[in-house]
Amino acid sequence: MKAFAYLTADDFEAASKALAGKGPRAVAKAGGTDLLTLLKSRLLEPDEVVNLSRAKRGAGKGELSALATLAEVAADAWVKENFPAVAKAALEAATPQVRNAGTVGGNLCQHTRCWYFRDASYTCFKRGTGDCSAAPDGAENRYHAIFPHKRCVSAHPSNLAPALIAVGAKVACVHPDGDRTLDAEILYDEGPSGRRSDTILREGELIRAVLLEPSPLAKRSTYVELRERQSFDFALASVAAALDLDGGIVKDVRIVCGGVAPVPYRATAAENLLRGRKLDVEAAARAAVAGATPLSGNGYKVPILGELVRRALTELSS
Amino acid sequence: MSELRLGFPDNERKADVEIPPGTPPPWDLSTDHKVVGREHTRLDAVAKVTGRAKYSYDIRFKDLIYAKFLRSPHAHAKVKRVDLANAKAMKGVLYTESYEGETVRYAGQHVAGVAAESEEILDDALRAIVVEYDVLPCVTTVEEASNEGAPGVIEGRGNLEAGREQGNLKRVQDAHDEADIVVDAEYRTQVQTHSCLETHGSVCRWDGGKLTVWSSTQSTFAVRDGMARTFGIPQSDVTVITEHMGGGFGSKFGPDAWDQFCARAARATQRPCRAMLDRREEHLAGNRPDSIQKCRFSVKKDGTLMGAEVRSQGTSGNATGGANVYNPGIYRFRAAYSKQDTVLTHASSGRAFRAPGHPQGVFALEGMIDELAEAIGMDPLELRRKNDPNPVRLKEYEIGAKEIGWHRRKKSGSDAGPVKRGLGMASARWGHNARPGAEVRCTIGRDGSVILANGSQDIGTGTRTVIGLVGAEELGLGLDDVEVRLGNTNDPYGHGSGGSVTTPSITPPTRAAAFEAKRELLRHVAAAVGGDPDAMDLKDGKVTGAPRELTFKQACGMLAVDQVTALGRMEQKPGGGGHLYPPFTGEVAGVQFAEVEVDTRTGVVRVVKVVAVQDCGLVIDPLTARSQIHGGVIQGISYALFEERILDRRTGDQVNADFLGYKIAGALDMPEIVSIPFSVSQGMTTTGVSSLGEPPTVPTSGAIGNAVANALGVRIRSLPITPAKVLAALGGVR
Amino acid sequence: MEDGRIRVTRRDVLRGAGAAALVGAVAAGQEPAAPPAKGLARVGPGAVRVPFTLNGAAAEVSVEPRVTLLDALRDRLDLTGTKRICDHGACGGCTVFLDGKPVNSCLVLAVDVSGREVTTIEGLAKGDDLHPVQAAFVKHDAAMCGFCTPGMVMSCAALLSVTKNPTEEQIRRAVAGNLCRCGTYPHVFAAVREAGGGRGADGGAGEAAR
Ligand SMILES: Cc1cc2nc3c(=O)[nH]c(=O)nc-3n(C[C@H](O)[C@H](O)[C@H](O)COP(=O)(O)OP(=O)(O)OC[C@H]3O[C@@H](n4cnc5c(N)ncnc54)[C@H](O)[C@@H]3O)c2cc1C
Ligand code: FES
Ligand code: FES
């Protein structure tokens, strides 16, 4: 790690102010479980690290503090009861030690695990150092996206993001130019030409809390993932699904996939196919993967994703 | 003449032997052990569970400095220029080295080195070094390296190192002709890295012209001798200390480049210096080479194995040789032939890795045996029984088959699924590797204290405890009554821990030392109380055969000298050398059975149960023996399902040189494991103890591979068996 | 060092109340780089004094903000029981308790533990009295080379501190973040089963247990 000054913020407002306008010279740290790995490999060499971990949590009713740890989310009775996908996603993430330190905000804003992104000696669209190294011939891309973007084929790493999108969560953001509340899904909007940063947050903008509103859709939600190694592993693919059934007819449904695209991937075709009809799990599973364009080394993720959609919907329909 | 009872209760063989005077009578089936063969906790267990055990990584001095190499991101390059000016200008940078002008042959080869006051300064200094390379084209796979016109790895040398050729091809072809069925198949295994949790490295300190090295090594004496050569100083001026050691698995027989660099930095600065590799560097510090094994095997319908023909290639990176595989082997073939090539690539070099060549060879060999069984419609266990010459393994088949419930094995692919179960098995064969030359010193003090000392190391296999148990047995004492000193080259010589030589080679000298010290003690006792010292012995903390009751302590109190000391060696046959006693089989036999569950929708393989029956000669301690077998099985599972060094083919860089992308089995991946140490009176030495370190990891991947094939009805001939490969084999991948 | 220390209870920390008061880290012998902005306490990049509670006693270490808790423990405080194995959160060898919960000390900055409680493997046994997990590890031969063992012991002790009679599944999940290359896992499971008072029924506590 390069030496840095350490600024501990009392609240998100102060932290955001300290970060804004400094570009890569200042970074925010919550639990530090992702940030420290990037600092150690010198992918980031900020002059200042702004510590959020002692900021006032200030989360109100129906809110999940951005500083809540994954372990706290997984164990929270209200979340378990009303947003089972979120609790499950948190429980399945990482290791017990990481879940005790890693936070909701950090999990949503963590950087991709693409090994080319994480090694400064390769060019990388996300790092702004050139073209994606994972796409061309000869690249090792077995864990990458099957719904790749033209300019980046990394796989989205977060467990929480698909789950939060599936239950319709919003994120409350703080910035000196004005606070705002975004749909969790908007956070990852790629835009037409791709985006370097992992989220659409403005420079210095911070997530203060996640806003959760109970709904029948959210209550009937789940999260499933598939790991190569069971002990801990980033998921080969994950599916967060939420289903609102009315006498066997699908009133509303959300199917959001992790690990298969540079951002959480909304299986819109499958959702559209299901909405207003009798639940047809097989058709949904087929539709979810229909548009997949796997890379040289990850075609196997396609049937896995289909199976996860099948599992999630089957669980929700019983 | 005495009678030696060899083998195991169901299969005993007697041999008439001459016991040389002054040597302890050899242990055999008649020996009634008091300590040996019973469960004991390790002597260093408390130190390890409390964090008090000091590993080389943990050695600290007030004025300690830190050293590290800067490494090339390119696999093949000329180091044009190394600019150290910025690094040298930093406060706290104390020493630098440059490798300007050298040729880089793998991504991760060192090009510069720095030693500094703190790890933070060191980190800054390495970042500040500017290196210019002439980047050259690289080859990273066996196929690429074998292409016409491929860039050479070592100047003036082709990339193909035509290796060992064994057997008579003509005879094998005749056997194929005579056989009913001939099966051709190609098997592949991956590169596996050692992933020792304590990385390689050392702490070096000079006191005047004398060097002390705290080294994470499997061979304290090799490090001593290597350092003495490096610095042109006598061995007597080098002391190597390895009190505890966090795993080696074959990769730590140094001194390595970084150890020598560390010692140079320590000498230049006259300060103790630490150079321990980081995780990325550890992945590059050695590996189990990969293999492509083209096999043609044949069999008669009655299950007689006929011809076995293997052509293998593998890469040991930029090291010449070392990619041999153990295939064919184990079973009786009418005729066998193998040709084994090592292909040079621009990758970090292979090193010995727990049973070098065996897991990769046995994965293919045992797969082929199952393919033959399948082809003639014979139970694979039956086919093995028919062709296995080893009496120990024949018994182990029985024990293992019963424990796993082999009768439940269905016809391959017949399980209904979608989660399909399967059973598989595989075997291991290993040498009885007792090597002469190691020495143990036994000292008995007048207060009854006993010290057993040897300068080699305990790499986690329990050597310290084994020495204690064997010494205690000989002296009629308990494990707690003896003190074992290990891991300092100022004590008597001990071998490097490789080839599973340690326990078979260290136990006879331990016995000899304790035996001789005991005889000396008893002579003093006889001088004090009368009686015939040769009729006396030590049992249960007492002297037997003396004119009056004496405890061990009282006996020691009668010493006319301060202490008695004896140096024990492994006795050899007088004259020509060789082992004192005949062997039972002269080899070590093991069998493993695996039960797996394969989810055909996701391709995930879950190992449900593994049964490992493993011979290791006389079992010294069933508890630590079980640990050793468990450990071998677990590494085998990890090799079978998860581990794989992944190189980017364009750069030769390992993209998963960490513990996230390089996956080793964890707690949630554990099946039920039943480890059964199988005690055999093996003869040969005074203890009849045999090798156990490596063999238990050999058959696991073969057994799992066969179980997966049994579950699916489709065979995956490539390790690791990942969801990607399972789904591809099932035809589910577009 | 007692005087420079700011006492806080664990509950205060969890609530995040009075955050500014918690920042006990003080720049040591260096000028502040800029006047501190409102709501921000700035230290470093030079060495910073970090007062905290270590194994039940007041402690202090002086390090740059970029130094991890792991390196501070090992290289500054000579507590080498905690191991550096991957340095990236992926092995559990560096597990310590931070305010009672197991975390990877390689992913925690030392400045961050200011005013908080850290327990390392050295603080687990009471003198020669081993923690029940440690005693059971000895008995069941759950340490081979022993390099993963301190971290493994910490994860198991953390489990037993909240789950009296853990099931095999709970044990496995509690040590899922601890890698062992020698392959002691089955022995670890047996040890924790015994230390936990035998094979218990699933309390359903699940993740909350950790
Ligand atoms: C071994 C291992 C395994 C893992 N496995 C998984 C897994 O399976 N699934 C999974 O989802 N994750 C996994 N992770 C990642 C882990 O969950 C994240 O590292 C963690 O959640 C990040 O939280 P943090 O508070 O530590 O973030 P930090 O490391 O502090 O920050 C991460 C990033 O988020 C930014 N940030 C933090 N908080 C905020 C905020 N409030 N607003 C805006 N930006 C913010 C930081 O600037 C930084 O860029 C794994 C990590 C490890 C080490
Ligand atoms: S050293 Fe911290 S988790 Fe590996
Ligand atoms: S005991 Fe060696 S790594 Fe676990």
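**Conventions.** I number residues from 1 along each chain as its sequence is written, letter chains from A and number ligands from 1 in the order in which they are written. Because the model is predicted, I take local features only at pLDDT of at least 70 and side-chain atom pairs only at pLDDT 80 or more, while totals for chains, interfaces and linings use all residues; side-chain values use heavy atoms, with hydrogens and water left out.

**Entry 1, ligand 1.** I looked up where ligand 1 sits, and it lies between chains A and C. I count a residue as near if one of its heavy atoms lies within 4 Å of the molecule. The shell holds 35 residues, and the closest are A28(A), A30(A), T33(A), L35(A) and T103(A). By class I get 17 nonpolar, 14 polar and 4 charged residues. Here Ala, Val, Leu, Ile, Met, Phe, Trp, Tyr, Cys and Pro count as nonpolar, Asp, Glu, Lys and Arg as charged, and the others, Gly among them, as polar.

In chain A, β2 (26–29), α7 (104–109) and β7 (206–211) each supply at least two shell residues. Helix α7(A) gives the most, with 4 residues. I take helices (H or I, at least four residues) and strands (E, at least two) as DSSP runs, numbered from the N terminus.

I listed pairs of N or O atoms within 3.5 Å. A backbone N or O atom of G31(A) is 2.7 Å from a ligand oxygen, and a polar side-chain atom of Q110(A) is 3.3 Å from a ligand oxygen. For a ligand nitrogen, I found a backbone N or O atom of I207(A) at 2.8 Å. The protein covers 97% of the 970 Å² of accessible area that ligand 1 has on its own (Shrake-Rupley, 1.4 Å probe).

How do α15 (622–641) of chain B and α7 (185–195) of chain C pack? I find an angle of about 125° with the axes 9 Å apart. Axes are lines fitted to C-alpha atoms over the stretch in contact, and angles run from 0 to 180 degrees between N-to-C directions. With contact meaning heavy atoms within 4.5 Å, L623(B), R626(B), S627(B), H630(B) and I634(B) meet Y185(C), P186(C) and H187(C).

N327(B) and P328(B) are joined by a cis peptide bond with omega about 0°. P328(B) is in the loop between β19 and β20 of chain B. A94(A), not a glycine, has a positive phi of about 50°.

Technical notes: Polar contact = N/O pair within 3.5 Å; in protein donor to acceptor, adjacent residues only side chain to side chain.
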